[in-house]
Amino acid sequence: MATTTSTPENTSVPPTNIQMVDLKAQYTAMQEEVDQAILDVVRSGAFINGPAVKQFQAGLEDFLGVQHVIPCANGTDALQIALMALGLEPGDEVIVPAFTYVASAEIIALLRLSPVMVDVDPRTFNIRAEDIEAAITPRTKAIIPVHMFGQSCDMEPIIALANEHSLHIVEDNAQSIGAVYTFSDGRRVRTGAIGDIGCTSFYPSKNLGAYGDGGAINTNSKELADELRKVANHGQSRRYYHDVVGCNSRLDSIQAAVLNCKLPRLEGYCDRRRQAADYYDAHLQGLEGLLTPARQENSTHVFHQYTLRIDGGRRDALQEHLKAAGIPSMIYYPVPLYDQEAFRGTAANDIDFLPVTDLLCKEVISLPMHSEFDEATLAYIVDKVRSFF
Ligand SMILES: *Cc1c(COP(=O)(O)O)cnc(C)c1O
């Protein structure tokens, strides 16, 4: 973060063009390297499964500390391929939080499996073992813990439940790549590398974003890796011999080239997001009715989003107040998944209300968060948030 000396009191000139995510500034800082990497792919003609893809696969295996990474076309595909590779039967139940992006549950219903939606922790926004346990039935086959907004779910008790009931764990790590979970024995493992299969997204605004769509699946199991690779490649293990009905999902070489430039910088990006979050935390205390995001003890936080809770029905008014000051904000997420038209009748547990999810959808608001802030911008944002209260 640049160290311009500006305080919340000294912000008469508003910074211009404040964005939720500043991809342009991030690009500018590595322009020559990225331009060259893209040009190399174009000149090589190796657009599909070229050397850049293999390099990225190896780099991500190393970063996550896993045996197998299978790059694919996007994060939604990653989740779908993961569930397809587990050989589930129509009607099998998969437990998923009701407070998440639609993709986490969409792929369950798409495969004619039954999404079972459960509530989340009001402070970390993450799914908890106790909520999962209450939802387990003899038809339950898998759990999709979603590591929300940049920190890990508390995985140790979730793993214990999965072992006890023979359930698969597919982590939705689209928002939290780079976060580290610490087990009670001191073992530190990256999110995505904790369960049977991890899935992530390289959508441009994610912490590790491509310049288009991209995704990856990872596992430590050789058998699962073979199955995942097969499903992602038209169900074939040998060319033109199709063992199962699969799909076509690839990370293209140009996106891999961009990701190869960004992966070595990911830790730095996460540090700068944390610094911005520290600044928000320090300057947004003591406001009646505003809760800053909780940090879980056994997980680092990579702040994909910096999400406040605003009580008393004032969230939308705060958003308007910020908008008038030229500050964008987002509501992740405004509607519980069980209230979405698409899921009517598909949820196995047929819920119509989960109190925490319902409350969060009314109270959450995410402030601008990225790796390229200067302090004057952060000072301006906290000043405008404070002036609302
Ligand atoms: C972004 C996201 C996805 C989907 O990723 P795409 O690459 O957009 O398909 C899935 N789950 C969560 C929680 C996400 O935030």
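1. Contact here means heavy atoms within 4.5 Å. Helices (H or I, at least four residues) and strands (E, at least two) are DSSP runs, numbered from the N terminus.

2. This is a predicted model, in which local features need pLDDT of at least 70, side-chain atom pairs count only at pLDDT 80 or more, and totals for chains, interfaces and linings use all residues. Residues are numbered from 1 along each chain as its sequence is written, and side-chain values use heavy atoms, with hydrogens and water left out.

3. Helix α4 (residues 75-85) has nine of its eleven residues buried, so it is largely enclosed by the rest of the structure. Buried means under 20% relative accessible area (1.4 Å probe, protein chains only). Among the buried residues of α4 are Asp77, Gln80 and Leu83. Their cover includes β1 (68-72), α5 (103-110), β5, β8, β9 and α8 (222-232).

4. After α4 comes glycine 87, which has a positive phi near 65°.

5. Strand β8 (residues 197-201) is largely enclosed by the rest of the structure, because five of its five residues are buried. Ile197, Cys199 and Ser201 point one way from β8, whereas Gly198 and Thr200 point the other way. In a regular strand the side chains alternate between the two faces of the sheet.

6. Two strands pair if DSSP finds at least two bridges between them. β8 pairs with strand β5 (residues 168-172) in the parallel sense over three bridges, and valine 170 stands opposite isoleucine 197. With strand β9 (residues 215-219), β8 pairs in the antiparallel sense over four bridges; here threonine 200 stands opposite alanine 216.

Definitions and conventions
Buried < 20%, exposed > 50% of the residue type's maximum accessible area, 1.4 Å probe, protein only.
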